[in-house]
Amino acid sequence: MTATSTARGEQSIEYSPDDMMIAAAARALRGYRVCFVGIGLPSTAANLARATHSPDLVLVYESGTIGAKPTRLPLSIGDGELAETADAVVSVPEIFNYWVQGGRIDVGFLGAAQMDRFANLNSTTIGDYEHPAVRLPGAGGAPEIAASCKEVIVLIRQSHRTFVERLDFRTTVGFGEGPDDRRRWGLRGSGPTLVITDLGLLRPDPVTRELTMTALHPGVEIDQARAATPWELRVAEQLTTTEPLSEEELRGLRDLQATQDHG
Amino acid sequence: MAQIQTLAEAVGNLVNDGDCVALEGFTHLIPVAAGQEIIRQGRRDLTLVRLTPDIVFDQLIGMGCAKKLVFGWGGNPGVGSLHRFRDAVENGWPHPLEIEEHSHAGLTNRYVAGASGLPFAVLRGYFGTDLMGRTETVKQVVCPFTGEELAAVAALRPDVTVIHAQQADHQGNVLMWGITGVNKEAVLAAERVLVTVEEVVDRLDPRPGGVLLPTWVIDAVAEAPGGTYPSYTAGYYERDNSAYVHWDTISRDRETFLTWMDEHVLGGSMAVGR
């Protein structure tokens, strides 16, 4: 993995594209109150947000832990640490029916193996469903998180493997085929409002809902993003550059990663 | 009323070839010992059900116990793939595995309907996804009050549900606490119920957030201390994350897997039989 180096006065900070994704995701949580968290990068990002700018962010894990305040990064969504530090531990029917479907989650974090230009996601199979080349874990909580959280943030690396013209399986709905589909299907949340990749940020066009590149991470050129996208990538007129990782973010991130139980 | 039995007796009495068997547990309280007893007793053609099949399901599938899997998310949490599950779906080893997949919310509500004595449950979900056309147990219904179109999922009534809990008393009342997932619903939806526990105690003390299952909804209670390892039991022992990481290597290769199972689950009987 290539490290990015940014000079800040006399300091030079080295970090990876994954670090940049996590920091961008943590920043995106500023101002939200309740976040539905999956394991991996989303969990790291949500805990980084808590450790830096949003100490009161309520983390909800699908195992039923509401308001978890882990002091070490969990390996699974149901580690004992999450239950022990939670405000409440509820059943799985409760989490999905009352809290997610009930519209009580501000923002949900999702990842996937594939994503298309309308931010629909595949986490089911690569190749034909009946005879898959790769059998992925499947839907889990993703479809309802995407349906009912007020907003969704997608974390996914940008390449021809992950960004695809056509999903092999639509596990989770972003915007379907365009602006009317979410309403037509009765999905109450706004859908994905931000996609964070290793190259930059994409947001849905306000009219067509097609994803538009709105920012690049430091050191990334737009041609790289175009080359990593199999369709003709839409680019915002006001393309911005994300802030590089600050020392505080990097310190917070490294402190968190030091607590990860890798087994 | 629940009978207090050995695990071998309870599995022998309650789990038959061809049964639909739910072994629930959401990261916490996974009935690993019971699953491995099912493997030892050589059950076949099972329809296995779980929201989050993990290592013990990988073992059941790899040892050829399962005909069909009903599930929501099949992976090794935080680690990666379930290689025996993948090998069965991708390559038909040791034999082809039928699958019926749902979202967690969908499968959860199938249990809720089963526990509630209803033919189906209703939720917002599935529309716009390819899951909708892939499973017979999801259909569209229209709300008789508002005219809204909603997803209906068929009730799930397993022949047997197996869960693990912290404690039972001598009468077979069961107490669990911590993350209890969908365990209560899976128990109340089932025809027959087996609960393994860390220990049988003289008296169950009330616990904040504790779930009590009365003896008269349970058929058998079996003591299985450490019975969720490498999962965990709150109040008793922690999750062994290293075992989940290690499983990735053990399960990747068929021979390595079989050798490990023989050594750790079958007590060397396969090696003797060869």
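This is a predicted model: local features need pLDDT of at least 70, side-chain atom pairs count only at pLDDT 80 or more; totals for chains, interfaces and linings use all residues.

Just after helix H5(B), Gly117(B) takes a positive phi of about 70°.

**Helix H5 of chain B**

- Helix H5 of chain B covers residues 104–116, and its 13 residues at 1.5 Å each should span 18 Å. The C-alpha atoms at its ends are 18 Å apart, which agrees with that expectation.
- Of the 13 residues of H5(B), 10 are buried, so the helix is largely enclosed by the rest of the structure.
- The buried residues of H5(B) include His104(B), Leu107(B), Asn109(B), Arg110(B) and Tyr111(B). Ala105(B), Gly106(B), Thr108(B), Ala113(B) and Gly114(B) are also among them.

**Helix packing in chain B**

- Helix H2 (residues 32–40) and helix H3 (residues 55–62) of chain B have axes that come within 9 Å and cross at roughly 5°. That angle makes H2(B) roughly parallel to H3(B), since angles under 35 degrees count as such.
- On the H2(B) side, the residues that meet H3(B) are Val32(B), Gly35(B), Gln36(B), Ile38(B) and Ile39(B). Their partners in H3(B) are Val56(B), Gln59(B) and Leu60(B).
- The residues of this contact between H2(B) and H3(B) comprise five nonpolar, three polar and no charged.
- H3(B) also packs with helix H8 (residues 254–264) of chain B, at an angle of about 105° and with the axes 11 Å apart. H3(B) and H8(B) are therefore roughly perpendicular to each other, the range for that term being 65 to 115 degrees.
- Asp58(B), Gln59(B) and Gly62(B) of H3(B) make this contact with Phe257(B), Trp260(B) and Met261(B) of H8(B). The residues of the contact of H3(B) with H8(B) divide into three nonpolar, two polar and one charged.
- Gln59(B) is named in the contact of H3(B) with H2(B) and also in the contact of H3(B) with H8(B).

**Salt bridges**

- Over all chains, the count comes to 30 salt bridges.
- One of them pairs Arg192(B) with Asp19(B), whose closest N and O atoms are 2.8 Å apart. Arg192(B) lies in strand E11 (residues 192–201), and Asp19(B) in the loop between helix H1 (7–14) and strand E2 (20–23), so the pair ties together parts of chain B that are 173 residues apart in sequence.
- Arg192(B) is partly exposed, at 22% relative accessibility, whereas Asp19(B) is buried at 8%.
- Glu37(B) and Arg40(B) form a salt bridge with an N to O distance of 3.0 Å. They are three residues apart in helix H2 of chain B, which separates them by about one helical turn. An α-helix has 3.6 residues a turn, so residues three or four places apart point the same way.
- Glu37(B) counts as buried at 9% relative accessibility, and Arg40(B) as partly exposed at 39%.
- Glu148(B) and Arg124(B) also meet in a salt bridge, at 2.7 Å from N to O. The pair links distant parts of the chain, 24 residues apart: Glu148(B) is in the loop between strand E7 (138–142) and strand E8 (149–154) of chain B, and Arg124(B) in the loop between strand E6 (120–123) and E7.
- Glu148(B) is partly exposed at 28% relative accessibility, while Arg124(B) is buried at 17%.
- A network of salt bridges links Arg72(A), Glu81(A) and Glu238(B).

- Thr196(B) is in strand E11 of chain B and counts as buried at 0% relative accessibility.
- Neighbours within four places in sequence aside, Thr196(B) is in contact with Leu7(B), Ala34(B), Ile163(B), His164(B), Ala165(B), Ala222(B) and Ala224(B).

**Backbone features**

- Trp93(B) and Pro94(B) are joined by a cis peptide bond with omega of about 0°. Pro94(B) is in the loop between helix H4 (83–91) and strand E5 (98–101) of chain B.
- A cis peptide bond also joins Tyr229(B) and Pro230(B), with omega of about 10°. Pro230(B) lies in the loop between strand E13 (220–223) and helix H7 (241–252) of chain B.
- Ala119(A) is not a glycine but has a positive phi of about 60°. Its place is the loop between strand E8 (114–115) and strand E9 (121–122) of chain A, and Ala119(A) is buried at 1% relative accessibility.
- Tyr126(B), a residue other than glycine, has a positive phi near 70°. Tyr126(B) is found in the loop between E6 and E7 of chain B and is buried at 2% relative accessibility.

Notes
Residues are numbered from 1 along each chain as its sequence is written. Chains are lettered from A and ligands numbered from 1 in the order in which they are written. Side-chain values use heavy atoms; hydrogens and water are left out. Axes are lines fitted to C-alpha atoms, for helices over the stretch in contact, and angles run from 0 to 180 degrees between N-to-C directions. Helices (H or I, at least four residues) and strands (E, at least two) are DSSP runs, numbered from the N terminus. Angles under 35 degrees count as roughly parallel, over 145 as roughly antiparallel, 65 to 115 as roughly perpendicular and the rest as oblique. Contact means heavy atoms within 4.5 Å. Ala, Val, Leu, Ile, Met, Phe, Trp, Tyr, Cys and Pro count as nonpolar, Asp, Glu, Lys and Arg as charged, and the others, Gly among them, as polar. The expected span of a helix is 1.5 Å times one less than its number of residues. Buried means under 20% relative accessible area, exposed over 50%, partly exposed in between (1.4 Å probe, protein chains only). A salt bridge is a side-chain nitrogen of Lys or Arg within 4 Å of a carboxyl oxygen of Asp or Glu.
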